[in-house]
Amino acid sequence: MEQTPVLKVEDIRKRFGEKEILKGVSLEINRGDIKAIIGPSGGGKSTLLHCINFLTLFDAGRVFLNGEEIDHTDRRRLYAYRQKVGMIFQDFNLFDHLSALQNVQIGLVRVKKIPKARARERAVAELERVGLKEHMDKYPAELSGGQKQRVSIARALAMDPEVMLLDEPTSALDPELVGEVHAVIKRLAAGGMTMVLVTHEIAFAGSLAREILFMDEGVILEKGPPQEILYGAKRERTREFCDKIIHFHHKDNG
Ligand SMILES: Nc1ncnc2c1ncn2[C@@H]1O[C@H](COP(=O)(O)OP(=O)(O)O)[C@@H](O)[C@H]1O
Ligand SMILES: [Mg+2]
């Protein structure tokens with residue numbers, strides 16, 4: 001039996017002014033699957049994730065969750081959808097005036113309408129899951145980048161997402177802090193979380209994803225198993241990009 005993808009994106013198009021940023025992008029992802037998106041800067045990866053979450057409204061295309069098309073003009077439906085599609089940003093997007101605990105708790109209280117005491121319990125549990133229980137009363141300014149990103153992951157998890165969209169979750173981090181965030185994402189993967197991960201960390205992407213999508217100039221140019229895309233891509237542009245990034249990482253890692 002054919003399974004219904006958790007998330008399906010159909011032919012999304014988006015222009016900013018004269019420039020066509022997404023030229024018809026489609027993807028679907030089944031429960032428990034992980035897809036990585038790689039590609040040059042400016043290729044539209046962030047715009048795509050923002051469109052999937054309706055943080056950016058697109059000109060054409062459709063988005064489905066569990067087979068049901070999302071109508072973004074239905075606000076209640078949109079908010080319910082956003083809880084199901086957790087978003088992790090490169091720059092964390094935490095509330096600076098709230099503690100780690102409050103950052104995780106606020107959505108539970110305001111969006112999920114969970115009573116404060118229970119919301120607090122859940123928030124503490126989520127922070128514990130990402131190894132931050134002892135830092136829960138700290139404010140973002142008192143946390144390292146790696147800790148901030150883990151708070152943002154805890155915040156997304158607290159909403160019981162069915163799929164997570166991660167936009168270069170470690171690219172704003174100092175190299176020594178990347179590992180702790182990768183470890184959290186790996187644990188999510190082992191727990192069966194469905195994820196779309198935009199990243200330049202190809203070794204990491206290759207170890208997690210069953211399929212890598214190469215995106216450039218607003219289209220998914222090529223996709224396939226990690227080994228095939230990273231070391232045996234059919235398209236010239238994919239090969240060029242992968243060669244460059246593989247060399248860079250080898251150099252970087254000594
Ligand atoms: N809000 C916006 N207004 C105008 N142009 C934008 C906006 N957001 C992104 N772009 C443009 O869209 C293109 C793709 O950007 P982006 O989706 O961030 O690419 P990537 O994440 O692959 O680096 C870039 O040329 C960028 O300048
Ligand atoms: Mg981006």
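**Reading burial, cores and strand pairing**

Guide: V151 lies in helix α5 (residues 145-158); helices (H or I, at least four residues) and strands (E, at least two) are DSSP runs, numbered from the N terminus. This is a predicted model, in which local features need pLDDT of at least 70, side-chain atom pairs count only at pLDDT 80 or more, and totals for chains, interfaces and linings use all residues. Residues are numbered from 1 along each chain as its sequence is written, and side-chain values use heavy atoms, with hydrogens and water left out.

Visitor: Is V151 buried or exposed?

Guide: Buried means under 20% relative accessible area, exposed over 50%, partly exposed in between (1.4 Å probe, protein chains only). V151 has a relative accessible area of 1%, so it is buried.

Visitor: Which residues is V151 in contact with, leaving aside its neighbours within four places in sequence?

Guide: Contact means heavy atoms within 4.5 Å. With those neighbours left aside, V151 is in contact with L94, A100, N103, V104, L127, L132 and L143.

Visitor: Which residues have the most contacts inside the largest nonpolar core?

Guide: In soluble globular proteins, nonpolar side chains tend to be buried together. A nonpolar core is a set of buried Ala, Val, Leu, Ile, Met, Phe, Trp, Tyr and Cys residues joined through side-chain atoms within 4.5 Å. The largest one here has 53 residues, and I38, L127, V151, I153, M164, I185 and M195 have the most contacts inside it. Helix α6 (residues 175-190) gives the most to this core, namely seven residues. Another core, of 29 residues, lies apart from it and includes V9, V25, L27 and I29.

Visitor: How many residues of strand β3 are buried?

Guide: In a regular strand the side chains alternate between the two faces of the sheet. In β3 (residues 34-38), five of the five residues are buried, so the strand is largely enclosed by the rest of the structure. Both faces are covered, with I34, A36 and I38 buried on one side and K35 and I37 on the other.

Visitor: In which sense do β3 and β8 pair?

Guide: Two strands pair if DSSP finds at least two bridges between them. β3 pairs with strand β8 (residues 194-198) in the parallel sense over four bridges, and A36 stands opposite L197 in β8. Strand β9 (residues 211-216) also runs parallel to β3, joined by four bridges; F214 in β9 is the bridge partner of I38.

Visitor: Where does M159 lie?

Guide: M159 is in the loop between α5 and β7 (163-167). Its relative accessible area is 12%, so M159 is buried.

Conventions: Chains lettered and ligands numbered in written order.
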